[in-house]
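Subject: Handover of a structure model

Dear colleague,

Please find below the sequence and the structure that I am passing on to you. My notes on what was found follow directly after them.

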Amino acid sequence: MGAKVLVVDDSRMARELHAFMLRSAGFDVREAENGSDAFEKLLCDSFDVVITDINMPQMDGYELIRRLRATKAYTDTPVIIVSTESEATDKSRGFEAGANVYVVKPTRPADLIANVHMLLGTTGAQAVSSKTPSTGDRAPRSSGVA
Amino acid sequence: MHDQVAVLVSHLRSDDESDRRMAAEDLGTMQDARAVPALVDALEDPSAAVREAAIDALSTIGGAAVIRAVLPALRSEEVYVRNAACVVLRNIGEPAVTHLTQLVRDDDQDVRKFAVDTLGLIGSPAAGEALIRALDDVNVNVAAAAAEALGQIRYRPAIPKMVSVMQANSWLRCTVARSLGQIGGAEAGRALVELIGDSDVMVVYAALRSLGEVGDESSLQYVLHMLEHENAAVVEAALGALEQILSRVNPQVGVALRRQIPLKPLLALLRNPEPQVRRSALALLAKIGHPDSLAALAHALAAPENRDHAELRHLATQAILSIKPRDVAPILEVLHESAISPEAACELIDVLGRLGQPAAFDVVASYSAHEQPIVRRVVARSLASIDSERAPLLLARALSDSDGHTRAHAARGLGTLLAGVAEAVISARPTDAQPEIRAANAWLAATFGPRQRADAVLLLSPLLKDEYPDVREAAARALGTIGNEAAFSVLQTLLNDADEGARMLAVAGLAAARANARVEALLRIALADSAAAVCAAAIRAFMSHGIELNAGEIRKALQHADSRVRGAMVALLSDRKLDTWAPEVTELFRNDPNPRVQYTCARALGRFGSVGAAEVLIECLSHASNDPLVVLGAVEALEALADERARDVLTELTGCADPEISAAACAALAALDASTAQGARPAASE
């Protein structure tokens, strides 16, 4: 079973497409439609990577990441922001909140998958789950700047 | 009034978070437009609770003043402020559409996207033309958001324009494909068929998902081709689309369509390494229900790769049941395979039991002495469903199994079997030493035909003194079921017994009997019994039989010294919705020393729905000293009442440390929301 990824986006289309990209690359994908939905799922289950939008009702992406970083099980879990907002200030806010990588929509499947592998320290043929030991060191939080 | 607004506005700047939140809530209640600027400022409050209250207040006030004041917030640097503005505008709805459509041409691409997103959430067709123009936006994210919004609105006039932008980049094509699925109709279906030939696999996937939503049978052949696609997610989407298409067509068309679907590639997909693909293939096969798929489905049910996927095994069972096969030989062949695991055998025996074909009996019976208890349990459960004269004998034997679950299944199975066959068991084992056998005999005797009933009473009477309580109760209930004069005489004798346990047995028998004048008369004797347990059991029997009680009997039970009697009577009043007793039940709810009785009273008040019930329950919840069971009862009753005044206290209880109370409070709030929405719908449509 591939590494477990949570895709968080209030846009059904974006959520489905990102999930499709990741499933096609062998990842085990779950979906959440906003920050609070995601946080609940993250607490009930365990995930290897979180991919989140920023502008979402109820709980936005920055708040979600801040809460994740304050949760023991997710202090080091790779987080990728995927947003339509492309300003440098948006990106730096994302990194300040604790994201590892910032990707601007529309997302290219190859970029997204490469970033996930990079953060997990895996290759395309080796998307390991957290249940098995990772073969590579995870990238430091600031090194995955898109 | 003026001063009040000013005071509340000043409270919005208080250092205390709850002061600010309450001020925002009160300003929303007052609906005074002068509070709007301050409430818009409160959208930037650091506290999420205050922002939520400000959103609610602005949404309630509504109107042009709020819209004009909120629009600039869409340009805020703070994401939560922008989101709050979107939510307010969405809540205001239709009146905000004109203002938002102007922003669709804004210079700032982020503002254009927020405007488009919010228009999609409002869902008004009035935004349709502006959104169509936005499909040409220079920024692909804005164009994609416009396509998504048009799908949310289900704006059919947009289809030609959506088709024309299909030459654009793949992200936009995907979004258009999904939106066409939401819009639906033959025109959208044709466009989607074009898209499943797209060079980008992501677009193909999106088009297949949408073709399922459209459900147009003319697309079936195109979707079938995608079952051989190399991408598992695409295959899964194609299977899902086929299932949706079959679900949407009328039954006659469905029969013809099912014949067009070739089984071979579908059955091959049952061995696909991806569980999701296997799941979708099983769901589709359940919909098709073709007898030729039986062997493959039996293999899927027993396959080791499905052992950890309960959902897949359930689907395989459903698919087999949907076939309703007369010939179960393909399943028996799989069961005969030497390498079959006990778990797989269980699955197959279970499905054979559900199918109930006599041809399966011998094979299922051959597992009745299996070394694994899990297998024997399933055999015991399944045998009663398979039509065979030998089933009672095997089940009677299973009553002495070393595994308790097996014995339980066997006893239940025997209870469902018919009398003609049962007689043989009784006569074969009249003095069997096993208590379970004697219990089974009691049940079986109850199902005798009329000619044997007198003999059955003679057979059952000694069992009333059996050393095992279950056997004694089974005998008493069987006597009640027989219900002839001889049986009632035995029960009446029991009612006069000095031993309380014997009198309890009599009530159990009367509860199992059919209601008639004799039963009613005997139950009234039990109602006056000096033992509280007998009296309470009699009340429960009155309840199950639907026999009337007079006011004196009800009052006496409500004032009984024993809580079991009081609780049983409140449960009866609740069951029959006898709301004229609401004052007495309210009194008990407030003052009864037993929390179980109070809980039952709370539930009764919820069922009565009498005037004042909600106030009593809400007031109770404000007392911190209440027993958790009483709180739970009050919350459950408030769920039934769906009274808006309970919202605050229920919201507070969602954070309760007791998970049962917090879950009940969530359920009650959901009921309240549903009730509010139901009440608000006619007004909204006006």
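A crossover is called right-handed if, with the strands pointing away from the viewer, the path from the first strand over the helix to the second runs clockwise. By that criterion, S4(A), H4(A) and S5(A) form a right-handed β-α-β unit. Please keep in mind throughout that this is a predicted model.

The sheet of chain A

Chain A holds an open sheet of 5 strands in the order S2-S1-S3-S4-S5, with parallel pairing. Its edges are S2 and S5 (101-104) of chain A, each of which pairs on one side only. From one strand to the next, the twist averages 20 degrees. Helix H5 (residues 109-120) of chain A packs on this sheet and touches S1, S3, S4 and S5 of chain A. The direction of H5(A) makes about 175 degrees with that of S5(A).

Strand S1 and its neighbours

S1(A), which spans residues 4-8, is mostly covered, with 4 of its 5 residues buried. On one side, 5 bridges join S1(A) in parallel to S2(A), residues 28-32; within this pairing, Lys4(A) has Asp28(A) as its bridge partner. The two strands also belong to a right-handed β-α-β unit, together with helix H1 (residues 12-24) of chain A. S1(A) also pairs in the parallel sense with S3(A), residues 49-52, over 4 bridges. Here Val5(A) stands opposite Val49(A), and the bridge partner of Val8(A) is Thr52(A).

How many of the residues of S4(A) are buried? The count is 5 of the 5, so S4(A) is largely enclosed by the rest of the structure. In a regular strand the side chains alternate between the two faces of the sheet. In S4(A) both faces are covered: Val79(A), Ile81(A) and Ser83(A) are buried on one side, and Ile80(A) and Val82(A) are buried on the other.

S3(A) and S4(A) pair in the parallel sense over 3 bridges, and Thr52(A) has Ile81(A) as its bridge partner in S4(A). The chain passes from S3(A) through helix H3 (residues 61-69) of chain A to S4(A) in a right-handed β-α-β crossover. The pairing of S4(A) with S5(A) is likewise parallel and comprises 4 bridges; there, Ser83(A) stands opposite Val104(A).

Chain B has 686 residues, of which 48% count as buried. Its secondary structure comes to 43 helices and 0 strands. Of the contacts in chain B with a separation of 6 or more, 65% are between residues 24 or more positions apart.

Where the chains meet, 21 residues of chain B are in contact with 19 residues of chain A. On the chain B side, the helices that each supply at least two residues are H6 (79-92), H8 (109-122), H10 (140-153), H12 (170-183) and H14 (201-214). H6(B) gives the largest share, 5 residues. By class, this side of chain B has 11 nonpolar, 5 polar and 5 charged residues.

Confidence in chain A

The mean pLDDT of chain A is 83, and 83% of its residues reach 70 or more. Among the elements of chain A, S3(A) has the highest mean pLDDT (97) and H4(A), residues 88-97, the lowest (89). Over residues 125-146 of chain A the pLDDT is below 50, and this stretch has 48 contacts in the model beyond near neighbours in sequence.

With kind regards

Conventions: Residues numbered from 1 in each chain as written. Chains lettered and ligands numbered in written order. Predicted model: local features only at pLDDT ≥ 70, side-chain atom pairs only at ≥ 80, totals over all residues. Buried ≥ 20, exposed ≤ 12 C-beta atoms within 10 Å, placed from the backbone. Pairing = 2+ DSSP bridges. Contact = placed C-beta atoms within 7 Å. Nonpolar A, V, L, I, M, F, W, Y, C, P; charged D, E, K, R; others polar. Axes fitted to C-alpha atoms, helices over the stretch in contact; angles between N-to-C directions. pLDDT = per-residue confidence, 0-100.
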